[in-house]
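Hi,

Here is the model I promised to pass on. Have a look at it first, and my notes follow below.

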Amino acid sequence: ARQSTAHRCRPAGCRYPPPQRAGTHAERVCRSHARAGRGGPCEWPLVAARVPGSPVARTPMGNKATTPRAGGAGGGATGVPQFSAIPDHYESLEQVTEALRAAGVEGCSVAIGIDFTVSNVANGKASYGQSLHAVGGGGAKNPYQQVISVCSTVLRDFDDDGLIPTFGFGAKTNGGALFDIRPDGAPCAGVDGVLRDYEAALQRVELAAPTNFAPFLNRVADLVERGGGMHLALVITDGEVTPDSDYSSCTTDTKRAIVRCSKLPIAIVIVGVGDADFSKMEEFDDAKLAADHTRDCVQFVNFNTVMRHARRGYEEVDFSLAALQELPATYAHIRAAGLLDDD
C-alpha cells in the first residue's frame with residue numbers, strides 16, 4: 001500500500017518527517033524521485049528509516065517499507081536483513097563512498113552501458129542546448145560524462161582491479177547491437193579510462209537505434225556467472241526502451257534480462273538523461289516482471305530532475321545519493337540470499 005501521509009519530496013533525498021533534531025527522527029527516502037519531484041503531495045512507498053536502532057525491513061522484492069515482524073533480529077520472520085539508508089547531507093563523493101562502506105557494502109564492480117541512439121541529438125536541446133553526446137571544451141562534461149564520473153568515482157574503492165567493462169548500444173556501427181567501447185574489447189582502466197574511451201568512441205560510431213538494455217544486462221550476467229562478485233550494471237540512456245512490435249522485442253527482452261539479473265549478485269541503476277518522458281521506466285523499477293522475478297534489482301533515476309533540485313554546489317554528491325541510495329539494501333539482500341560466491 002502507498003504511504004498516505006502527504007509530504008513534499010525533493011528528489012536528491014526526501015525527508016520524512018521534517019527534521020526536528022539530528023538523530024531523533026525517522027528520516028526516510030522516497031524511492032520514486034522522478035514522480036514525486038514533480039511537486040504536490042508524495043504518496044509513494046518509503047523504503048527505509050534512517051535512525052540507527054529503528055530500521056525498516058525490506059520485503060522479498062526489496063521495494064516496500066514494512067514494520068519488522070516478530071521473530072528475532074536480522075529482519076524477523078522474513079529472514080530479510082534490516083538496514084539503514086544513506087543520509088543526504090554529505091559534501092563530497094569520498095564521504096558517499098565511506099557511507100556506503102559503513103552501510104555494509106564490502107565490494108562492488110561496475111559495468112557501464114551507454115546509449116548511442118540517434119534520439120540523443122534531439123533529446124538534449126531543451127536541457128543541454130545540444131546533443132547529449134556533445135563534448136565541449138574547457139573541461140565541461142556532458143550528461144553522460146557526469147554520470148560516468150560520479151558513479152565510477154564513488155564505487156572505485158570497492159573494485160579490486162579498477163577495470164570497468166564498458167559497452168555501447170544503439171549505434172549503426174554494430175547494427176544497433178551491443179559493442180565494446182574499446183576496439184580491442186578490453187575493459188576500461190578506471191574512471192579516466194572510461195571517459196577517454198567514451199570520447200574516442202564518439203569519433204567512430206554513428207548514432208542509430210534501437211534502445212534495448214537486454215544485450216548489455218545479459219553481458220553483465222555472463223560476466224558475473226563466469227567471475228562472480230557483486231556488480232553494479234549502470235545503464236545511461238536518453239529514452240525509454242523501444243516498444244515491442246512485429247519487428248522488435250526490445251521491451252520483452254529487457255524484462256527477461258532484468259529477471260535473469262535478479263537471480264545474480266547484480267544491482268541495476270538506470271539513469272535517464274535529457275528531455276524525454278521516462279514515465280514508463282517505472283515498469284522496470286518496482287514491478288514484478290515474471291513469476292520467477294524474486295528481487296527488485298532496478299533503480300531508475302531521472303538525471304535532470306535530481307540535478308534541478310540538488311543543493312547548489314553539491315549537485316554531483318546529491319546525484320550520487322539518488323543513484324546509489326539502494327545499494328546497501330541490495331547488497332544486504334544479495335548476501336542474505338547466498339548469491340555472493342564467498343557466502
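Which residues does V273 touch, not counting those up to four places away in sequence? They are L132, P143, Y144, V147, I236, T237, D238, F278 and F303, where a contact means heavy atoms within 4.5 Å.

Some housekeeping before the rest. This is a predicted model, so to speak: local features need pLDDT of at least 70, side-chain atom pairs count only at pLDDT 80 or more, and totals for chains, interfaces and linings use all residues. Residues are numbered from 1 along each chain as its sequence is written, and side-chain values use heavy atoms, with hydrogens and water left out.

On confidence: pLDDT is the predictor's confidence in each residue, from 0 to 100. The protein chain averages 77, and 73% of the residues score at least 70. Over residues 1–85 the pLDDT is below 50, though this stretch still has 182 contacts in the model beyond near neighbours in sequence. Where pLDDT is low, the predicted coordinates should not be read in detail.

Back to V273. It sits in the loop between β12 and β13 (helices, H or I with at least four residues, and strands, E with at least two, are DSSP runs numbered from the N terminus). V273 counts as buried, because its relative accessibility is 0% (buried is under 20% relative accessible area, exposed over 50%, partly exposed in between, with a 1.4 Å probe and protein chains only). Its C-alpha atom is separated by 6.6 Å from that of N302, 29 residues apart along the chain.

N302 belongs to β13 (residues 298–302), where five of the five residues are buried, so the strand is largely enclosed by the rest of the structure. V298, F300 and N302 point one way, while Q299 and V301 point the other way. Strand β12 (residues 266–272) runs parallel to β13, and five bridges join them (strands pair if DSSP finds at least two bridges between them). Q299 is the bridge partner of V269.

Last, the cysteines. The structure holds zero disulfides (a disulfide is a pair of cysteine sulfur atoms within 2.5 Å). For C261, the nearest cysteine sulfur is that of C297, 6.0 Å away. C261 is buried at 0% relative accessibility, and C297 is buried at 4%.

Cheers
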